[in-house]
Amino acid sequence: MVYLSQDYISELPKSHASLSEVDLSPLPRDPNELFAQWFKDAVEHNVGDPTAVTIATVDEKSRPDARIVDIISLDEKGFHFGTATRTAKVEQLEKTDLASLVFWWQPLRRAVRVRGTTSRDFGGERLNVWCVKPYHFEFTYIWDDRMHSDRVIYNIDEFGEWERIRIQL
């Protein structure tokens with residue numbers, strides 16, 4: 001049984017134009033600065049709920065799990081978000097200290113993927129605040145369709161410094 005056919009999905013209109021251009025020539029050394037710039041662009045262009053982010057974790061059987069949370073802040077420690085105290089997400093974060101975040105600001109055709117280590121920032125009775133300290137950033141700007149994009153990757157090197165790689169597809 002087919003619930004959504006390939007023909008139906010392929011006929012749906014797709015947005016190929018971004019609301020703003022991206023200049024990737026003056027890249028900052030710190031990817032947090034580029035993230036903050038892109039986040040502010042999303043706010044200025046009235047992207048619906050720019051704080052919403054998908055967080056991916058793994059369960060005790062190494063099966064992937066993902067859900068949406070809201071970012072509270074970004075500082076030198078990393079990305080901070082809140083969650084209830086007794087959730088599968090909290091159990092997964094307590095057992096492994098790894099998570100991935102994915103931001104998608106569709107009207108701007110921009111995505112940011114962050115991989116990092118996690119730690120509890122604040123533990124309350126009803127609310128926990130967690131932090132994802134990045135060791136990998138991937139910034140993607142889709143300038144035509146999903147086959148044509150610019151990508152900038154930042155990784156932490158062995159000296160704790162950010163190294164950049166620019167890819168144009």
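Is W105 buried or exposed? W105 is buried, with a relative accessible area of 1%. Buried means under 20% relative accessible area, exposed over 50%, and partly exposed in between (1.4 Å probe, protein chains only). The model is predicted: local features need pLDDT of at least 70, side-chain atom pairs count only at pLDDT 80 or more, and totals for chains, interfaces and linings use all residues. Residues are numbered from 1 along each chain as its sequence is written, and side-chain values use heavy atoms, with hydrogens and water left out.

Aromatic rings were examined next. Rings of Phe, Tyr and Trp (its six-membered ring) pair if their centres lie within 6.5 Å; planes under 30 degrees apart count as stacked, over 60 as edge-to-face and the rest as tilted. The count is 13 aromatic pairs. In one of them, the ring centres of F35 and W105 are 5.7 Å apart and the planes stand at 50 degrees, so this pair is tilted. F35 belongs to helix 2 (residues 31-44) and W105 to strand 4 (residues 98-105), so the pair ties together parts 70 residues apart in sequence. Helices (H or I, at least four residues) and strands (E, at least two) are DSSP runs, numbered from the N terminus. F35 is buried too, with a relative accessible area of 4%. Ring pairs link a cluster whose members include F35, W38, F79, W105 and W162.

Helix 3 (residues 88-95) has the buried residues K89, V90, Q92 and L93. Seen down the helix axis, they fall within an arc of 165 degrees (taken from the directions from the axis to the C-beta atoms), so they line one face of helix 3.
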